[in-house]
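Dear colleague,

I am handing over the structure below, and I would be grateful if you could look through it alongside the notes that follow.

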Amino acid sequence: MGLDRSLPDRAEVVIIGGGVMGASAAFHLAEAGVTDVVLLEADELSCGSTSKSAGGVRLQFSDEINIALALRSMDAFERFGQRPGADIGLHQVGYLFLLTDPDDVTVFEKNTELQNSMGVDSRMLSPDEAGELSPLANVDDVLAASFCGRDGHATPEAVVLGYASAARAREAGRYPPRYASPRRGGRAETRVRGRAPRRRRRRPGPRRAPPR
Ligand SMILES: Cc1cc2nc3c(=O)[nH]c(=O)nc-3n(C[C@H](O)[C@H](O)[C@H](O)COP(=O)(O)OP(=O)(O)OC[C@H]3O[C@@H](n4cnc5c(N)ncnc54)[C@H](O)[C@@H]3O)c2cc1C
């Protein structure tokens, strides 16, 4: 997708960053009828951590919030072909966690219970069952495994382009979300309403210890 490099003086909504979060926000705003949206990307859409991830998508998480978010995301990924309408290379081949530490087995048993209580069809497996599911895995020292067949992988860049293209298409003929490249002199800046960005000066002084 070509970038519109002109920067408007003002916009109702300015989204900074064209990774999956920015592109998804642009799409959901467009769908909700918010038309005057500008997405500022310092480089190319999806050039950040989104395109560097492994592309794993899973429901096997250990706390309620992440499980709820994962369920919401998986629903969206599964229906991505219809809404917003793009092939994201989703393959639900399952995630198999092989556990060799007794403490991990206890934790994963608890996690699986929580996942099941929230509607996730994950389950604990014996080492033999894990070996049958994945014949190339060496399960000699495996104590147990957990598996969810709805997990899998997708193409993160395709998710970004799917959302961004749909955001643009929905705005066609009105105020299309623009993807501006605010790179100046080799550094990324963001200008909103024509004001020059405030630069932070580095002051000499003691450095804080990193948080533990
Ligand atoms: C399908 C899918 C599968 C995934 N699978 C995994 C996985 O298996 N494992 C995993 O750990 N994570 C995974 N992730 C998550 C991924 O690793 C990232 O955490 C996530 O995509 C980050 O998205 P983001 O939009 O917050 O950030 P980014 O993708 O980093 O986007 C931020 C963007 O902001 C731009 N930017 C920065 N500063 C400025 C500025 N001042 N002005 C303008 N632009 C700026 C950058 O250039 C960049 O493009 C997955 C994500 C997806 C979509």
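A residue is called buried here if 20 or more other C-beta atoms lie within 10 Å of its own, and exposed if 12 or fewer do, with C-beta atoms placed from the backbone. Please keep in mind throughout that this is a predicted model.

With that cut-off, Ile67, Ala70 and Met74 of helix α3 are buried. Seen down the axis of α3, the buried residues fall within an arc of 60°, so they line one face of the helix. What covers these buried residues of α3 includes β3 and α4 (102-117), while on the other side of the helix Glu64, Ile65, Arg72 and Asp75 are exposed. As for its dimensions, α3 runs over residues 64-78, which makes 15 residues, and it reaches 21 Å from its first C-alpha to its last, close to the 21 Å expected at 1.5 Å a residue.

The second topic is the ligand. Of the 26 residues around the ligand, those that come nearest are Gly17, Gly19, Gly48, Ser53 and Gly56. At least two residues of the shell are supplied by each of α1 (20-31), α2 (49-52), β3 (56-57) and α6 (156-171), and α1 gives the most, with 3 residues.

With best regards

Notes. Residues are numbered from 1 along each chain as its sequence is written. This is a predicted model: local features need pLDDT of at least 70, side-chain atom pairs count only at pLDDT 80 or more; totals for chains, interfaces and linings use all residues. A residue is near a molecule or strand if its C-beta atom, placed from the backbone, lies within 6 Å of it. Helices (H or I, at least four residues) and strands (E, at least two) are DSSP runs, numbered from the N terminus. The expected span of a helix is 1.5 Å times one less than its number of residues. The arc is that of the directions from the helix axis to the C-beta atoms. Two residues are in contact if their C-beta atoms, placed from the backbone, lie within 7 Å.
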